[in-house]
Structures are given as structure tokens and as C-alpha cells.
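Please consider the following protein model in its parts, from its overall division to individual side chains.

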Amino acid sequence: MRTATLPFAFPLEAAEILRRRSFILTRLCAQDDGFCTIPVQGIGEDTLAEMLRLYDECFLSGYLKRAMGCLRVTLSARLISSAGKFLCTRGMLKQIKSAEIRMSGDFLTRLDEGPFQLNGLSVATPQEAFLVVFEHELCHALETALYGQTGHSARFLSLAKGLFGHTAMRHSLPTRRQEAARDGLVVGSRVCFPYRESMLGGVVTYIGKQATVMVPDARGEYRDRRGQRYTKYRVPLDHLKKNP
Ligand SMILES: [Zn+2]
């Protein structure tokens, strides 16, 4: 990467990255009590906007505000397949119409005390973990603003390393779907679970915060191609027992 062409200081020294990250963390904790607790209670909309503003100012010399002014940060309770996500929509002429970094609220509030491994960094608190996840998504927004597209290429890795010290993209914080998979639960698994006074058996058709299980039932409202009827149940993952 020809670093001379980037509109902000790059790459940064490791100590400088830590200093800027902890400055941002202190500012965010000072304005949002719910974000300071462990486990985290939540994070306000204002705090999300301030997080973006501070990162842009401290790390990117305000470049994103100039180049991608429409970028917003949101918190989604429904995002459970990953801890964060960058989304953008384009108009007819490929110009960016909207850009969003969506952070998983589920991920944030389930985090306990560290340490965790995240993007190659050792992270001590849930708050710091949230920032490091955000930094990864911010790199996607930045790469899009700079080059028109983004992925996990060498160019992306170089940006993430030079700005935030990230040396990897995998992390040890499992999403619910990964947690379920570790317990051997996948879509198609035969399971049983307690319901009222009895145990019901069925097949998993979706795994999210809860699993969707289709249970054979002569009066059920769902019907498969062979005419078998089912009733749909939503079951907390830890209530499920896998049938051999
Ligand atoms: Zn990514």
C-alpha cells in the first residue's frame, strides 16, 4: 500500500493505538452509564454516534465524515450471526446512498469479563471488545470510502493492522450459532425438549437466539411435501437435547 496517499497518519505505533483507543473508551464511559457496567446493560444511540465521531477524529483525521458523511452506527438485537457488520447501498451510478455499521446488541450484552482474543489482540473488558469489533467494521467502511469496495484482502489487513494493530480476523468470542454448533446442534438436528409436563421431539429448522423446532403434530399448521403436519416451537438453545 502506498501509505503516502492516505489522508491520515499511517501506520500508527502500537503504543499510540492503545493511547487513542483508551482515550475514546474513557470518553464513551463518561457519557453512558449503561455502557460502563459488566455485563454491559446497553449503549445509547448518542454514544454510538459519538464513538464513530471520535474514531474518525482520532484515527482518520475526519476523513470518513468528508468522504462518507452518510455513515451511521446502529445496534441491532437481531444481529446474532456476527458481532458486527458493514452494509452499504448504492444508487444507479454506483454512488453510495447509505452506509451503516451494525453492531450486535446480543453480542455486547452477553460479554463477560475478559480476557478475550479478538482480531489478534488481547482484550480485557467487554467495552474494549466492542470497540475492537467496531474497528474491524470501521475498516470496511474506510476501505469502501477509499477504494470503492471492501473485503478481507491484503489491503484490508494492512489497513486494520496499521490503524488498529489487528493481526487476525478470527476471534474466540463465539456467536450463538457457533456456540450451538459446538454442542452439536445444527439445522437438521433431531432434538427433544421439555414442554409443559412432557418431552417433545422434532427437527431444528433455524438457530438464532432461540432454535425453531418443528414437532410432528396431526393438527399442526405446517405441512411438508409428504403431508406430515407439524407445529412450530421456539426453544431456548440450552433446553434442547440432541437425539442420537
Ligand atoms: Zn470483516
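**Domains, metal site and helix contacts**

The domain assignment divides the protein into domain 1 (3-173) and domain 2 (177-242); such bounds come from an automatic or database domain assignment. Between the C-alpha centres of domain 1 and domain 2 there are 36 Å. The model is predicted: local features need pLDDT of at least 70, side-chain atom pairs count only at pLDDT 80 or more, and totals for chains, interfaces and linings use all residues. Residues are numbered from 1 along each chain as its sequence is written, and side-chain values use heavy atoms, with hydrogens and water left out.

The zinc ion has His136 (NE2), His140 (NE2) and His152 (NE2) as its protein donors, lying 2.1 Å from it. Donors are N, O and S atoms within 2.8 Å of the metal (3.2 Å for Na, K and Ca); water is not among the atoms, so sites may look incomplete. Along the chain, the donors of the zinc ion follow the spacing H-x3-H-x11-H. Helix α6 (residues 126-147) contains both His136 and His140, four residues apart, about one turn of the helix. Helices (H or I, at least four residues) and strands (E, at least two) are DSSP runs, numbered from the N terminus. His136 and His140 are both buried, a term for under 20% relative accessible area, with exposed over 50% and partly exposed in between (1.4 Å probe, protein chains only).

Helix α6 also holds Thr144, which is buried with a relative accessible area of 4%. The side chain of Thr144 reaches the backbone oxygen of His140 at 2.8 Å. Not counting residues up to four places away in sequence, Thr144 touches several residues, among them Met68, Phe86 and Cys88; contact means heavy atoms within 4.5 Å.

Aromatic rings provide a further set of relations. The structure holds nine aromatic pairs, where rings of Phe, Tyr and Trp (its six-membered ring) pair if their centres lie within 6.5 Å; planes under 30 degrees apart count as stacked, over 60 as edge-to-face and the rest as tilted. The Phe35 and Phe130 rings have centres 5.8 Å apart and planes at 65°, so this pair is edge-to-face. The pair links distant parts of the chain, with Phe35 in helix α2 (residues 33-36) and Phe130 in helix α6, 95 residues apart. Both Phe35 and Phe130 are buried. Ring pairs also link Tyr55, Phe59, Phe134 and Phe164 into a cluster.

How values were computed: Polar contact = N/O pair within 3.5 Å; in protein donor to acceptor, adjacent residues only side chain to side chain.
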